[in-house]
Amino acid sequence: MPDTTDTLLSSATPDLSDPRRYTEDGIEEVWSTLRRTQPVFLTRRPGAADFWSVLSHDLATQVLKDSATFSSTGGMRLDADPVANAAAAGKMLIVTDPPRHGGIRRVINSAFTPRMVKRLTDNIRLTAVQVIEAALDRGEVDFTQVAARLPVSVIADMLGVPRADWDFMLKLTMIAFGADEAAGTDRNTVAEAHTELLVYYDNLLRLRRRDPQDDIVSAMAHGLVDGAPLTDEEILLNCNGLISGGNETTRHATVGGLLALVRQPEQWDLLRADPGLVPSAVQEILRFTSPALHVLRTARQEAVLDGRVIRPGDQVAVWLPAANRDEAVFAEPDRFDVTRTPNRHLAFAQGTHFCLGSALATSELSIFFEEFTARVATATPHGAPRRLESNLVWGFTSVPLTLTRRTAP
């Protein structure tokens, strides 16, 4: 990896897997230069696996849509534990290829009955109002903590956790997936939280096998894939995947979206003045924040991308925020514009692995920003934001803000 004194463009092919690159501003310029000069390039890493980077929108779309050539079973992220990945491949949705991927996905999707969707939507609205009002009562908040509460509650509701346990699950999930910054620095505490989550969902699974309800755990407990029920292991792996995916994307999109509005007050004023802009604003928030930094694929067979020959077994990292800043697709891509339409972003990926919870995440963001702009007059920084050190999630660990309440007209 490059020395910390190196500039971001210290070499013709910078190592985008270095998580330190994402703790400072300026990565957008790196992506822009690379898209123009070498939208596909190979990174060789002593002591770690080499990988190809893909940065343009068209090539990213090509890789994501071609599951026959680019497999997910080799892992969905760089430097994942190969033992854990091998154990989950073909069982956990995100590391399973067609046709089994489609079977698992259909089982999970079957839970989204009209009654469940209405319950989720009603609870999203109720929880968003409670979270925003509590933040306004405090005035000075770390907005990363505020934004963490809604997605965890939604995931708990979606999986079938009784409301009485939501606060308990919020605490465990924030520790296990890094939203609680203090606890997240202690590996033993994080591991314990993960274990407690799995034990909880194992107990919930046993209950739902006997007494199914309108939730995803029930759907997986009673669903069939290729004529056979899912095993307990498969169900718990997919619970873990849904908790992680649903928590990270929505939380960091909410934080990054509000920070973009704070930094561009004219956009904040536009959105407050016209609630009808919320749908386009949410799509722009997803494009502009792109919380998932990369998704990984492994080549099954030889392929050519931008003249580069990809060999069977090669790892290919698709950098989603880079594709979402592609000048060939988005006019003035580094400008945050709540009126932008159309918006062909790849924040939810594409193809077989298009985000299972995309509709739910969009609803969460829409409802949250509807209620936030209706209730909040100003959001003013009272400290410097701190970015997450990660090559997987592009987000923040701390965003100190002072909120003031909007008075009735």
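**Charged pairs, helix contacts and backbone**

Arg44 is exposed, its relative accessible area being 62%; here exposed means over 50% relative accessible area, buried under 20% and partly exposed in between, using a 1.4 Å probe and protein chains only. This is a predicted model, in which local features need pLDDT of at least 70 and side-chain atom pairs count only at pLDDT 80 or more, while totals for chains, interfaces and linings use all residues. Residues are numbered from 1 along each chain as its sequence is written, and side-chain values use heavy atoms, with hydrogens and water left out.

Arg44 pairs with Asp50 in a salt bridge whose closest N and O atoms are 3.0 Å apart. The term salt bridge stands for a side-chain nitrogen of Lys or Arg within 4 Å of a carboxyl oxygen of Asp or Glu. Asp50 is partly exposed, at 31% relative accessibility.

Arg45 forms a salt bridge with Asp79, at 2.8 Å from N to O. Arg45 lies in the loop between β1 (40–43) and β2 (51–54) and Asp79 in the loop between β3 (70–71) and α3 (82–88), so this pair ties together parts that are 34 residues apart in sequence. Helices (H or I, at least four residues) and strands (E, at least two) are DSSP runs, numbered from the N terminus. Arg45 is buried with a relative accessible area of 7%, whereas Asp79 is partly exposed at 48%.

Another salt bridge joins Arg387 and Asp25, with 3.8 Å between the closest N and O atoms. Because Arg387 is in strand β12 (residues 386–387) and Asp25 is in the segment before α1 (27–37), the pair ties together parts 362 residues apart in sequence. Arg387 counts as buried at 17% relative accessibility, and Asp25 is exposed at 59%. The structure holds 30 salt bridges. A network of them links Arg125, Glu133, Asp137, Glu370, Glu371, Arg375 and Arg405.

Next come the helix contacts. Helix α6 (residues 143–159) packs with helix α15 (residues 358–375) at an angle of about 135°, and their axes are 12 Å apart. Axes are lines fitted to C-alpha atoms, for helices over the stretch in contact, and angles run from 0 to 180 degrees between N-to-C directions. The two helices α6 and α15 are therefore oblique to each other; angles under 35 degrees count as roughly parallel, over 145 as roughly antiparallel, 65 to 115 as roughly perpendicular and the rest as oblique. On the α6 side, Phe143, Leu150, Pro151, Val154 and Met158 meet Leu360, Glu364, Phe368 and Phe372 in α15, where contact means heavy atoms within 4.5 Å.

Helix α13 (residues 278–289) also meets α15: their axes come within 9 Å and cross at roughly 120°. This contact involves Val278, Val282, Gln283, Ile285 and Leu286 of α13 with Thr362, Leu365, Ser366, Phe369 and Glu370 of α15.

The backbone has some features to note. Most residues other than glycine have a negative phi, and most peptide bonds are trans. The bond from Pro98 to Pro99 is cis, with omega near 5°, and Pro99 sits in the loop between α3 and α4 (100–109). Thr341 and Pro342 are also joined by a cis peptide bond, with omega about 0°. Ser290 has a positive phi near 35°; this residue is in the loop between α13 and β7 (294–299) and counts as buried at 1% relative accessibility.
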